[in-house]
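Hi everyone, thanks for making time for this. I'd like to walk you through one protein chain, going from the whole picture down to a few single residues. Please have a look at it first.

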Amino acid sequence: MSKAGLDNRHRNHDGEISHKHGNTLIGTLRKIYGQSFAAGYPATDKLSDVLLHLNETSLSQLRRDHETGHLAHKIAKAS
């Protein structure tokens with residue numbers, strides 16, 4: 001979830017994702033990752049509201065795209 005950075009400080013990727021993309025609707029993310037993304041949550045919920053409750057599959061998809069710099073582009077395209 002986090003890795004050591006400068007002076008052994010840790011960087012929380014979930015917090016960074018929430019800060020940058022927290023207002024993104026789950027419905028938008030389902031256009032990118034499929035209908036099973038954030039299963040059990042309404043499409044009208046925001047990512048920041050459900051991020052801490054995502055299953056490993058949904059969370060790993062977000063992290064991968066965020067770390068590679070593709071998440072913002074995918075969200076813009078799906079919106």
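Predicted model: local features only at pLDDT ≥ 70, side-chain atom pairs only at ≥ 80, totals over all residues.

Now the overall layout. The chain has 5 helices and 2 strands. Reading from the N terminus, the order is β-β-α-α-α-α-α. There are 79 residues, and 37% of them count as buried. If we take contacts between residues at least 6 apart in sequence, 43% join residues at least 24 apart.

Let's go inside. Which residues have the most contacts inside the largest nonpolar core? They are Leu29, Phe37, Leu47, Leu54 and Leu62, in a core of 14 residues. Helices H2 (26-33), H3 (47-50), H4 (56-68) and H5 each give at least two residues to this core. H2 provides the largest share, with 3 residues.

Take Leu54 from that list. Leaving out residues up to four places away in sequence, Leu54 touches Phe37, Ala38, Leu47, Leu59 and Leu62.

You'll find Ala38 in the loop between H2 and H3. Is Ala38 buried or exposed? It counts as buried, because its relative accessibility is 3%, and the cut-off for buried is under 20%. Ala38 also has a positive phi of about 50 degrees, although it is not a glycine.

Finally, let's turn to helix H5, residues 71-78. Its buried residues are Leu71, Ile75 and Ala78. Looking down the axis of H5, these buried residues fall within an arc of 70 degrees, so they line one face of the helix. Here is some background that helps: an α-helix has 3.6 residues a turn, so residues three or four places apart point the same way.

What sits on the face of H5 turned away from the buried side? That face carries the exposed residues His73, Ala76 and Lys77. Lys77 counts as exposed because its relative accessibility is 69%.

Technical notes
Residues numbered from 1 in each chain as written. Heavy atoms only, no water. Buried < 20%, exposed > 50% of the residue type's maximum accessible area, 1.4 Å probe, protein only. Helix = DSSP H or I, 4+ residues; strand = E, 2+ residues; numbered from the N terminus. Arc of directions from axis to C-beta. Contact = heavy atoms within 4.5 Å. Core = buried A, V, L, I, M, F, W, Y, C linked by side-chain atoms within 4.5 Å.
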